[in-house]
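Q: I would like to learn how to read a protein structure feature by feature. Could we take one topic at a time, with the general idea placed before the case at hand?

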Amino acid sequence: MSQGAQAPIETITLRGGAGTLAGWEAGPPPGVPHHGTVVLVPGFTGSKEDFEFMLPLLAEAGYRAVAYDQRGQYQSEGPDDISGYAMADFVADLHGVIDQISPDAPVHLVGHSFGGYVSRIAVIETPARFRSFTLLASGPSSVEDINFPPPQLVAQMIETAGQEAIFQQMSAAMTAAGQTIDPARMEFLHNRILETKKANILGILKAMEVPPLADPDALRDAGVPLLVAYGDTNDLWDPSVHEKFAARLQARTAVYRGSGHVPNEDVPAQVSADLVNFWEELA
């Protein structure tokens, strides 16, 4: 990875099926050969900012890197009704983003957590549009083998107490895990939850009531090279769950010791280097 000045992140606006989608983009600096385009999809309660430290690193390695807020997340537009947040809606937005930023060439796809749920469906639907797919801290489902309350229970809490309730739950989980979060970062996380539409949160929870794929083998059979990357501190899925999932998918693995559900924030340089190595081996 380059050790020079960081490639700048630029704000972009993309078209979604329910309004504009807020995005960030970083491209290779002058003189750096261009090796392709990467699309990074955030998870539940996330946003493009989850990849803030990775985008410049990927750009310096020769990749145009794009991340976006999914519909109703943070700075992206979205409907006010939960019916506008079915899994098919998120998948259609992802297809549209790829068509806008790379209409003529397949992309490398990285899906974090719920973003990995959305991404795996897109890969199965149009495998020719993808050079590779990385599941980043994105296990088989939110139904079983996961350290997370049933989505229906979380939804009931949100219905009653709003976005503030889930922020308090997340804060308590981070404290229990022994994490020390910078106050400015906590303020951002708080504001992001409050600015994310309640319908987005409830819609995703509804989508998570069933596994994203009825048959995970369909992802393996799509023929797109796969990487399963995850932390080993058991924040949501036990490492053995990721390991078994990767074996079933016949995917390569990358494990981040001492990291939890957000290795993209904990160890962004290591994640970026692993991604670049994965992609270079496919070239």
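Q: What volume does the largest pocket have?
A: Please keep in mind that this is a predicted model. A pocket is an open space with protein around it, and here the largest pocket has a volume of about 980 Å³. Of the 35 residues that line the largest pocket, those closest to its centre are Met 170, Met 174, Leu 236, His 261 and Val 262.

Q: Which helices each supply at least two residues of that lining, and which one gives the largest share?
A: The helices that each supply at least two lining residues of the largest pocket are α3 (114-125), α5 (163-176), α6 (183-195) and α10 (263-266). The largest share comes from α5, which gives 5 residues. Sorted by class, the lining of the largest pocket holds 17 nonpolar, 11 polar and 7 charged residues.

Q: How much space lies in the second largest pocket, and which residues line it?
A: The second largest pocket holds about 220 Å³ of space. Its lining includes Pro 140, Ser 141, Glu 144 and Asp 145, and also Pro 211, Pro 216, Val 241, Lys 244, Phe 245 and Arg 248. By class, the lining of the second largest pocket divides into 5 nonpolar, 1 polar and 4 charged residues.

Q: How many cavities of 30 Å³ or more are there, and what lines the largest cavity?
A: A cavity is a space where the probe fits but cannot get out, and the count here comes to 1 cavity of 30 Å³ or more. The largest cavity has a volume of about 50 Å³. Among the residues that line the largest cavity are Tyr 230, Asn 234, Trp 237, His 242 and His 261, and by class its lining divides into 4 nonpolar, 5 polar and 1 charged.

Q: How is a pair of aromatic rings described?
A: One gives the distance of the centres and the angle of the planes. A search of the whole structure finds 5 aromatic pairs.

Q: Are Tyr 74 and Phe 188 buried or exposed?
A: A residue counts as buried when its relative accessible area is under 20%. Tyr 74 is buried because its relative accessible area is 16%, and Phe 188, at 19%, counts as buried too.

Q: How many helices and strands does the protein chain have, and how compact is the chain?
A: The secondary structure of the protein chain comes to 11 helices and 8 strands. Its radius of gyration is 18 Å, close to the 19 Å that the globule rule gives for 283 residues, so the chain is as compact as a globular protein of that length. Buried residues make up 53% of the 283 residues in the protein chain.

Note on methods
Residues numbered from 1 in each chain as written. Predicted model: local features only at pLDDT ≥ 70, side-chain atom pairs only at ≥ 80, totals over all residues. Heavy atoms only, no water. 1 Å grid on protein atoms, 1.4 Å probe; cavity = no way out; pocket = protein on both sides within 12 Å on 5 of 7 lines; lining within 4 Å. Points joined across faces, edges and corners; volume = space filled by probe spheres on them. Helix = DSSP H or I, 4+ residues; strand = E, 2+ residues; numbered from the N terminus. Nonpolar A, V, L, I, M, F, W, Y, C, P; charged D, E, K, R; others polar. Phe/Tyr/Trp six-rings, centres within 6.5 Å; stacked < 30°, edge-to-face > 60°. Buried < 20%, exposed > 50% of the residue type's maximum accessible area, 1.4 Å probe, protein only. Rg over C-alpha atoms; globule rule 2.2 N^0.38 Å.
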